[in-house]
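Here are my notes on the structure, point by point. Keep the 3D view open as you read.

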Amino acid sequence: MAKHFLGKDVTAALNERLAEKSGALRAKGIVPKLTIVRCGENPSDMAYEKGALKRAAVVGVETEVRILPEMVTAEALIAEIEALNTDEAVHGVLLFRPLPRHLKERESEICNHLRPEKDVDCMTDLSHAGVYTGKALGFPPCTAEACMTILAHYGYDLTGKRAVVIGRSLVIGKPVAMMLTAANATVTLCHTKTRNLPAVTAEADLIVTAAGALKSLTKEYVRPGQVVIDVAMNWDPDKKDGQGGFAGDALFEEVEPVVEAITPVPGGVGAVTTSVLMSHVVAAAERSDQR
């Protein structure tokens, strides 16, 4: 039976450290603050927002939510972002994406109006550049950093390890590959066009799967001794006796008995993401104190 890398244990340790840092900043008169900008009433956005607000209260981060109409114009949204850029009390800004459909063609333009030092979930080009160059231009995507935080918490030394990342998105696949490389792992980035993927994953010490494909990682892809970080959150209609529930890419009942360690879904990476978001807000507040 594999060891379960549980998000709740990582979150508890991270929250404790963040509360201490927030307290130290408040003693200096600096209150870490996150502003959430939401366009419309998307249920998934609202669910994440609820969790973020709850986590912020635990670690001492002040929050505000600015709700704009779903049919907000690009110009009005940009004006909101520019106002937050100049608000010295705001250290981090989270803009829910994807933006409403009518703003799709201008999403990149809109996002890049945010100053990178306030970009706590890597939505600007400069923040992405920071991930690839190792410079503190912004912050990496929270989900990608959550993977790294879990590995660090459980003492997994990446030096010299062979890592395979399945998925090449800018949210997880590409940035986590860069972050693993920076931690001295040797990384292979795979995707849907990769040939004979089971042969590639069999050579890995670590597999990070972010394909977003339910039950796509089966026992044919793994071997004993491996660690699997399952980032995906898929809806499985067969879970809970046919009532449905969330599951990762890994076919858990096949993969878990084989590998050395695995993150469950739910209860793994997703549980850490909001704490990482708060760590970025606190870090942004610390950086503002140094300017």
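1. Start with a term. Helices are DSSP runs of H or I with at least four residues, and they are numbered from the N terminus. A residue lines a pocket if it has an atom within 4 Å of a pocket point. Keep in mind that this is a predicted model.

2. Now the largest pocket. Its volume is about 1400 Å³. The lining has 47 residues. Find Y48, D121, T143, V171 and T273, which lie nearest the centre.

3. Which elements give two or more residues to the lining of the largest pocket? They are α2 (43-59), β4 (92-95), α4 (107-111), α5 (125-133), α6 (142-153) and α11 (269-290). The largest share comes from α2, with 6 residues.

4. In the largest pocket, 25 lining residues are nonpolar, 15 are polar and 7 are charged.

5. Turn to the second largest pocket. Its volume is about 350 Å³. It is lined by 24 residues, and G130, K135, P140, E145 and M179 lie nearest its centre. Here α1 (7-27), α5, α6, α7 (173-182) and α11 each give two or more residues to the lining. By class, the lining of this second largest pocket holds 12 nonpolar, 8 polar and 4 charged residues.

6. Next, pick out N15. This residue sits in helix α1. Is N15 buried or exposed? The cut-off for buried is under 20% relative accessible area. N15 has 12%, so it is buried. Its side chain makes a polar contact with the side chain of S275, at 2.7 Å. Setting aside neighbours within four places in sequence, N15 is in contact with R55, V58, V59 and S275.

7. Helix α7 deserves a look of its own. Its buried residues include G173, P175, V176, A177, M179 and L180. What covers the buried residues of α7? The cover includes α5, α6, β5 (162-166), β6 (186-190) and β7 (206-209). After α7 comes N184, with a positive phi near 75 degrees.

8. Now the aromatic rings. The structure holds 3 aromatic pairs. One of them is F5 with Y154: the ring centres are 4.3 Å apart and the planes are at 5 degrees, so this pair is stacked. The pair links distant parts of the chain, 149 residues apart. F5 is in the loop between β1 (3-4) and α1, while Y154 is in the loop between α6 and β5. F5 is buried, with a relative accessible area of 4%. Y154 is buried too, with 18%.

9. Another pair is W235 with F246. Why is it called edge-to-face? The ring centres lie 5.3 Å apart and the planes are at 85 degrees, so the pair counts as edge-to-face. The cut-off for that label is over 60 degrees. W235 belongs to strand β9 (residues 234-236) and F246 to strand β10 (residues 245-247), 11 residues apart. F246 has 41% relative accessibility, so it counts as partly exposed.

10. One last tip for reading ring pairs. Two things describe such a pair: the distance of the centres and the angle of the planes.

Technical notes:
Residues are numbered from 1 along each chain as its sequence is written. This is a predicted model: local features need pLDDT of at least 70, side-chain atom pairs count only at pLDDT 80 or more; totals for chains, interfaces and linings use all residues. Side-chain values use heavy atoms; hydrogens and water are left out. On a 1 Å grid over the protein atoms alone, a cavity is a set of points where a 1.4 Å probe fits but cannot get out, and a pocket is an open set with protein on both sides within 12 Å along at least five of seven lines; lining residues have an atom within 4 Å of a point. Grid points are joined across faces, edges and corners, and a volume is the space filled by probe spheres set on the points. Ala, Val, Leu, Ile, Met, Phe, Trp, Tyr, Cys and Pro count as nonpolar, Asp, Glu, Lys and Arg as charged, and the others, Gly among them, as polar. Buried means under 20% relative accessible area, exposed over 50%, partly exposed in between (1.4 Å probe, protein chains only). A polar contact is a pair of N or O atoms within 3.5 Å; within protein, one must be able to donate a hydrogen and the other to accept it, and residues adjacent in sequence count only if both atoms are side-chain atoms. Contact means heavy atoms within 4.5 Å. Rings of Phe, Tyr and Trp (its six-membered ring) pair if their centres lie within 6.5 Å; planes under 30 degrees apart count as stacked, over 60 as edge-to-face and the rest as tilted.
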